[in-house]
Amino acid sequence: MLTKAQWHYCLNEMEKMFPDAHCELVHKNPFELLVATLLSAQCTDVLVNKVTKDLFQKYTKPEEYLAVPIEELQNDIRSIGLFRNKAKNIQALSKQLIELYDGQVPANRDLLTTFPGVGRKTANVVVSVAFDIPAIAVDTHVDRVSKRLGLCRWKDSVLQVEETLMKKTPIELWSKAHHQLIFFGRYHCKAQNPNCPECPLLSVCREGKKRMNKLNHAPKK
């Protein structure tokens, strides 16, 4: 398993690689970020941004999402996976926002997870990005990179990965590390073709060493 010192080395190297890592979901306020993050489940940020470009012009506040039939909202987000369920959740969370929070998104992760369609990952993204509250959201990239490096075990749950990252990462770096891990997984340590030969973390990476060993011992054609 990766030691704390080795993990800090990884953080420093990712800082060099992606000093400007940030949330790539386009939004103007916490409510738009909440909707965009909900839409991003099992979907790319690129596709979400294409959809929300028009969506956020049509709907600017919770009341407007409730003012249209569910079928119309479904049609507005039809190109996104699970659009029917997501449309239902957007209207339901809009109703809850109005009834309990005067239409304002609460800056509290635990409260956010009480909203329809909002899990811990989405809540962590919102409090971190919209309210600058230290948090680490574990998406598919964060989960994959943490386990490949050997910081976490392959069998660890998403919550266990989050807890390990919080324990071994200085709190003032949580939000930055979250985005840098996403960029590292999205643009370098990809799911199908991780760039191990050119990776600055190879010397401490469990999975990378295994991959390179197989590559070096593969029969030459």
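How many salt bridges are there between domain 1 and domain 2? The count is 3. The legends below cover this pair of domains in a predicted model.

**View A. The two domains of the protein.** The domain assignment places residues 4-21 and 137-217 in domain 1, and residues 30-131 in domain 2. Taken over C-alpha atoms, the centres of domain 1 and domain 2 are separated by 29 Å. Domain 1 brings 9 residues to the contact, and domain 2 brings 8 residues.

**View B. Area buried between domain 1 and domain 2.** Together the two domains bury about 610 Å². Carbon and sulfur atoms account for 51% of this area. On the side of domain 1, the residues that lose the most area to domain 2 are Ala137, Glu162 and Arg186. These three residues together make up 49% of what the domain 1 side buries.

**View C. Salt bridge of Glu162 and Arg109.** The side chains of Glu162 and Arg109 form a salt bridge, with an N to O distance of 3.5 Å. Between domain 1 and domain 2 the count of salt bridges is 3. Residue pairs in polar contact between the two domains number 5, with both residues at pLDDT 80 or more.

**View D. Helices on the domain 1 side.** Helix 10 (158-168) and helix 11 (174-187) each provide at least two residues of the domain 1 side that touches domain 2. Helix 11 contributes the most to that side, with 4 residues. Sorted by class, the side of domain 1 touching domain 2 consists of 3 nonpolar, 3 polar and 3 charged residues.

Terms used: Residues numbered from 1 in each chain as written. Predicted model: local features only at pLDDT ≥ 70, side-chain atom pairs only at ≥ 80, totals over all residues. Heavy atoms only, no water. Domains from an automatic or database assignment. Contact = heavy atoms within 4.5 Å. Buried area = accessible area lost by both parts, 1.4 Å probe. Salt bridge = Lys/Arg side-chain N within 4 Å of Asp/Glu carboxyl O. Polar contact = N/O pair within 3.5 Å; in protein donor to acceptor, adjacent residues only side chain to side chain. Nonpolar A, V, L, I, M, F, W, Y, C, P; charged D, E, K, R; others polar.
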